Amino acid sequence: MTDYFIPRSAELSLCFSEPLFLQDVNDRWSLQHPQLYCPGQKNQYFNKKAFASCVMHSCYSSLILFFIPWAAMRDTVRDDGKDIANYQSFALLTQTCLLIVVFTQLCLDTYYWSAVNHFFVWGSIAAYFAITFTMYSNGMFYIFTSTFPFVGTARNSLNQPNVWLTIFLSSLLCILPVVAFRFILIQLRPTINDKVRYKMRKEVLPAPAPRRLLRRRSTRSGYAFSHSQGYGELITSQNFLMKRPLKRASLFPQTDSPIFQNQPQHYLDHQQIKKLTDSMNGGLSLLLKRRVAILVT
Amino acid sequence: HILSHYNHKHKYISLEFNVKNQLKFTNRPDNTAFTQQRLPAWQPILSAGIVIPGFVLIGLAFIGVGVALFVTSRSIQVLERDYTGDESGTPCASCANSNVQNSFGFCFPQSQGPVFFYYGLSNYFQNYRRYGTSKDDNQLYGVLKYFTSPSDNCAPYAYNSNNQPIVPCGSIANSMFNDTFKLYQTVNGTRQEVSLDGKGIAWWTDYNIKYRNPTNNPLKDAFNGTVKPIYWSKPAYELDTSDPSNNGFVNQDFLVWMRRAALPDFRKLYRRISQDKYPDGLPAGNYSLEITYNYRVYRFSGKKKVVFSNVSWMGGKNEFLGIAYLVVGSMCVFMSIVMLIVYAKFKFPDEE
């Protein structure tokens, strides 16, 4: 009744904090494996099929989370003969099963366990039990009598071994199919994410991105050039918008801007750009290639 | 924000962007591990070395626990007798229409350990929401102010037809179970009463914390100006005339009844066979149970039964947990074999 907000608040605190600290493969791996962007563009993880499988998984979990406690609590009693199949104990048992399943599922979905993740996950579970025992304690009952009628429920049911065995059974029955399914899918049909993650674990970082190659040969595309620090003043000064034509495809004319003199001027001609695009074959996306091509013509 | 457009005529590229922010970079986040999502992190993946042995271990553990649960559940002795009397030939067949005392006999094998005596009801929905909220927690905590003005939750069992307040109000209290039982052992042709112990059959938190009697002495004075619930035969302060501490709201049978059941088929503890005379549990023999049939369940097709049971570390007899653990354990072991086959055959290659 009034205490359904405990599991909700614990879940919400966990669900909202988890995405904040999700990590991804870093920029080097993203450049090395541009196919990582394909699932997003193809809507592979957010389509009707994914939704349908999510609905089926939810239905299965809901059935398990009700019927396992129901079957375990039918006609049974505590180990001292007293009542355990009462409304409040049953509610607490189902609620705890649900929370444990949610936490375990979130743990499965967390691929990067930083210190913050650890704190939020274990902290949420601890907070749930702390809040439950507090809400069902004598003190809260004395202060707000009709708001906390579940006094004593946690103490009298969570000290029973068959309650914990039921919780254990229902949570594993919800989680193990997911684990098995994911494992088999990784073996039979690995996605690009799985492959990259596997490679990341097995190998050290790959050779740095082709940008270093550029520097050695002292060639930078104007596109990259315009994004780096320090050239804002030059570009906004509009000094380069000169009217006189240039032989080569130079992007910036010679001026006496002080910033300019600190950095060497590098221009690209047709052959260099062609070599550049060939070397970036498979490295950069087609989009970047097109941009470089625009600069050439 | 930089816009670039290409000027065909002059073969230049002109760039326009916001002049104001060019050198300030106020919105750029700090280059720390925390803000750039570079915190050192453990990155587990579902590798075969973890999943397959894990499944085998879980499967074996579950099978072990399942065997223990099943064996324990099998060793619990339970005796049930339905006494609704809805069909002729069943115990209490004549009771359904009139208030008679009836008794029936049964054999009890030698029990191991203390025996508990339960009454069970079927098709009785104590988990119905309107029924469940129909009580006044403040009244049951002994706050006298609420004796004369019960809360609205108790309606229509808050005031009687003469507009007098009912204490304890509400539907749960009103429907309290009121059959009584007496157990006799037949020894050498004579009936000896088996003493039943009614102390401490409710939760200690209910008895000590949740329910309180008003502090008036005698207790009867607190109930001045109020009436007993409509279906009760005795007022709350006279529920147990043999034991003065077992009256009012802390009466053990009342507490057991107020702890409402989750499911429509439930059993509630009535008494335990006292251990003074039978420290090793009930001996084998013939017994007879004498029932005072007060509680009418015929109107809603309910059923009543008595249950004698002993308990173990896992509680009462419940074979579901043992069987479920065995089944899940075997399925885990089977799945681990399947995954091993899949892994051995279809291990995804290191090269893309």
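This is a predicted model: local features need pLDDT of at least 70, side-chain atom pairs count only at pLDDT 80 or more; totals for chains, interfaces and linings use all residues.
UniProt positions are given here in the numbering used for this structure, and its annotations may be inferred rather than shown by experiment. With that in mind, the unreviewed UniProt entry places the feature "transmembrane region" at residues 45-71 and 323-344 of chain B.

**Chain B as a whole**

- Chain B contains 8 helices and 11 strands, and of its 352 residues 45% are buried.

**Strands and their partners in chain B**

- An open sheet in chain B is formed by 5 strands, which follow the order β3-β11-β5-β9-β8 with antiparallel pairing. The edge strands of this sheet are β3 (78-82) and β8 (196-197) of chain B, each of which pairs on one side only.
- Within the order of that sheet, β11 stands beside β5, and 7 bridges join strand β5 (residues 116-122) of chain B to strand β11 (residues 303-309) of chain B in an antiparallel arrangement. One residue to look for here is B:Leu121, whose bridge partner in β11(B) is B:Lys304.
- Strand β10 (residues 285-292) of chain B is joined by 8 bridges to strand β4 (residues 101-108) of chain B, and the two run antiparallel. In this pairing, B:Cys107 stands opposite B:Asn286 of β10(B).
- Strand β6 (residues 180-187) of chain B also runs antiparallel to β10(B), to which it is joined by 7 bridges, and B:Leu183 stands opposite B:Leu289 in β10(B).

**Annotated transmembrane regions**

- In chain B, the span of residues 45-71 is 89% helix and 0% strand, and its end C-alpha atoms lie 38 Å apart.
- The other annotated span of chain B, residues 323-344, is 100% helix and 0% strand, with 32 Å between its end C-alpha atoms.
- For chain A, the unreviewed UniProt entry lists "transmembrane region" at residues 50-72, 92-112, 119-143 and 163-185.
- Among these spans of chain A, residues 92-112 are 86% helix and 0% strand, and the end C-alpha atoms are 32 Å apart, while residues 119-143 are 92% helix and 0% strand, with end C-alpha atoms that are likewise 32 Å apart.

**Helix α5 of chain A**

- Helix α5 of chain A (residues 87-109) has 23 residues, and the distance from its first C-alpha to its last is 33 Å, which is close to the 33 Å expected at 1.5 Å a residue.
- The N-terminal end of α5(A) is capped by A:Asn86, which places a side-chain oxygen 3.2 Å from the backbone nitrogen of A:Gln88.

**A:Ser157 in chain A**

- A:Ser157 is found in helix α8 (residues 153-157) of chain A, and its side chain reaches the backbone oxygen of A:Thr153 at 2.7 Å.
- A:Ser157 counts as buried because its relative accessibility is 2%, whereas the cut-off for a buried residue is under 20%.
- When residues up to four places away in sequence are not counted, A:Ser157 touches A:Ile84, A:Ser89, A:Leu92 and A:Val163.

Technical notes:
Residues are numbered from 1 along each chain as its sequence is written. Chains are lettered from A and ligands numbered from 1 in the order in which they are written. Side-chain values use heavy atoms; hydrogens and water are left out. Helices (H or I, at least four residues) and strands (E, at least two) are DSSP runs, numbered from the N terminus. The expected span of a helix is 1.5 Å times one less than its number of residues. A polar contact is a pair of N or O atoms within 3.5 Å; within protein, one must be able to donate a hydrogen and the other to accept it, and residues adjacent in sequence count only if both atoms are side-chain atoms. Two strands pair if DSSP finds at least two bridges between them. Buried means under 20% relative accessible area, exposed over 50%, partly exposed in between (1.4 Å probe, protein chains only). Contact means heavy atoms within 4.5 Å.
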